[in-house]
Amino acid sequence: MKLTNKIGVIVDSFGVGVREGLIKAKDAGAEGVQIYAVKGEMDPENLSAAARKELRSYIDGLGLEISALVGDLGGHGFQVQADNAWKVEKSKRIVDLALELGTNIVTTHIGIVPHDASSEVYATLHAACEELGQYAKSAGAYFAIETGPETAADLKGFLDTLSTNGVSVNFDPANMVMVTGDDPVQGVKLLKDYIVHTHVKDGLRLKEVDPRDVYGAVGYAPMDHEKIAEMVASGTFFREVPLGEGAVDFDAYFAALQEIGYKGYLTIEREVGHQPEVDILKAVQFIKRYRR
């Protein structure tokens, strides 16, 4: 097996801001970057047309591409109808920004897809994703749901009910291993028609956990990235570890991606650790071994 996929890095994993993070990603050997675009300097509301053009030029000048933007608005995802008007609207603006910056993928968490397709939460999620999917499809773009909160089978069942593939999948094997205990290889094969972006991350499941306690749900605390990072760091239920040190079988996982004909980015995400630069550099080198 010889991989030909490009390697990306989530700029925010460095914790140093966008511009410096871009330089660090380049220095680590990445070919592309994923950037959070929900608040601060990357919030679409804070980027004028001139600023967008300048940022794209800066990224091009570093010889980098944007593999995707992160449009994760947190909270309960799209499970709460009262929140969905502003969340759907903001998500559309993030897609517009993504296209201006040269990518057609926005990754997001939508909230856990209920196993019960007759539930009110399922209907609320479905309505929001139908609108988002149609908007993305009309623009030649994708909202990519990150795997992990629900099983691959439940996610596929949900996606199959939407009228377009404008809502697709950002495949994260570690989330599946750590939270649902799902098999990433089988997940790739099951979701093969929807995978448009991937994360490269590794982890261990130490104890069974209710996904609602991790990712939030109606009736539970909302999703909070800092809380998830604390859970990962504490190691009570699961632990994120450097590539090759966890339960993701990368030989089989990468082979499965090849088998389904996936040509997109392998984007490194490092949510914990005191030496992100060191960990990310090792991760780039880990993936490059599969390209020789």
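A closed barrel of eight strands, in the order S1-S2-S3-S4-S5-S6-S7-S10, is formed with parallel pairing. Neighbouring strands of this sheet are turned by 30° against each other on average, direction ignored. The model is predicted: local features need pLDDT of at least 70, side-chain atom pairs count only at pLDDT 80 or more, and totals for chains, interfaces and linings use all residues. Residues are numbered from 1 along each chain as its sequence is written, and side-chain values use heavy atoms, with hydrogens and water left out.

**Terms for the barrel**

- Helices (H or I, at least four residues) and strands (E, at least two) are DSSP runs, numbered from the N terminus.
- Two strands pair if DSSP finds at least two bridges between them.
- Strands of a sheet pair through backbone hydrogen bonds, either parallel or antiparallel.

- Strand S2 (residues 32-36) and strand S3 (residues 65-70) run parallel and are joined by five bridges.
- Gln34 stands opposite Ala68 in S3.
- S3 also runs parallel to S4, with two bridges between them.
- Here Leu69 has Val106 in S4 as its bridge partner.

**Glu65 in S3**

- Glu65 is found in strand S3.
- Glu65 is partly exposed, with a relative accessible area of 37%; that class lies between buried and exposed, and exposed means over 50%.
- Leaving aside neighbours within four places in sequence, Glu65 is in contact (heavy atoms within 4.5 Å) with Lys6, Glu31, Gly32, Val33, Ile59 and Tyr265.
- Glu65 and Leu101 are 36 residues apart in sequence, and their C-alpha atoms are 8.9 Å apart in space.

- An α-helix has 3.6 residues a turn, so residues three or four places apart point the same way.
- The axes of H1 and H2 come within 11 Å and cross at roughly 20°. Axes are lines fitted to C-alpha atoms, for helices over the stretch in contact, and angles run from 0 to 180 degrees between N-to-C directions.
- That makes H1 roughly parallel to H2. Angles under 35 degrees count as roughly parallel, over 145 as roughly antiparallel, 65 to 115 as roughly perpendicular and the rest as oblique.
- H1 passes H2 in a right-handed crossing. A crossing is right-handed if the near helix is turned clockwise from the far one by less than a right angle, and left-handed if anticlockwise.
- Arg19, Leu22 and Ile23 of H1 meet Glu54, Leu55, Tyr58 and Ile59 of H2.
- Just after H1, Gly29 has a positive phi of about 100°.

**Helices H3 and H4**

- The axes of helix H3 (residues 81-100) and H4 come within 10 Å and cross at roughly 20°.
- That makes H3 roughly parallel to H4.
- H3 passes H4 in a right-handed crossing.
- Residues making this contact include Val88, Val95 and Leu99 of H3, and Ala128, Leu132 and Tyr135 of H4.

**Helix H5**

- In helix H5 (residues 152-159), Ala152, Asp154, Leu155, Phe158 and Leu159 are buried.
- Seen down the axis of H5, these buried residues fall within an arc of 165°, so they line one face of the helix.
- Their cover includes helix H4 (120-139), strand S5 (142-146), strand S6 (167-171), helix H6 (173-180) and helix H7 (184-190).

**Lys192 in a loop**

- Lys192 is found in the loop between H7 and strand S7 (195-200).
- Lys192 is partly exposed, with a relative accessible area of 42%.
- Lys192 and Val218 are 26 residues apart along the chain, and their C-alpha atoms are separated by 29 Å.

Methods
Buried means under 20% relative accessible area, exposed over 50%, partly exposed in between (1.4 Å probe, protein chains only). The arc is that of the directions from the helix axis to the C-beta atoms.
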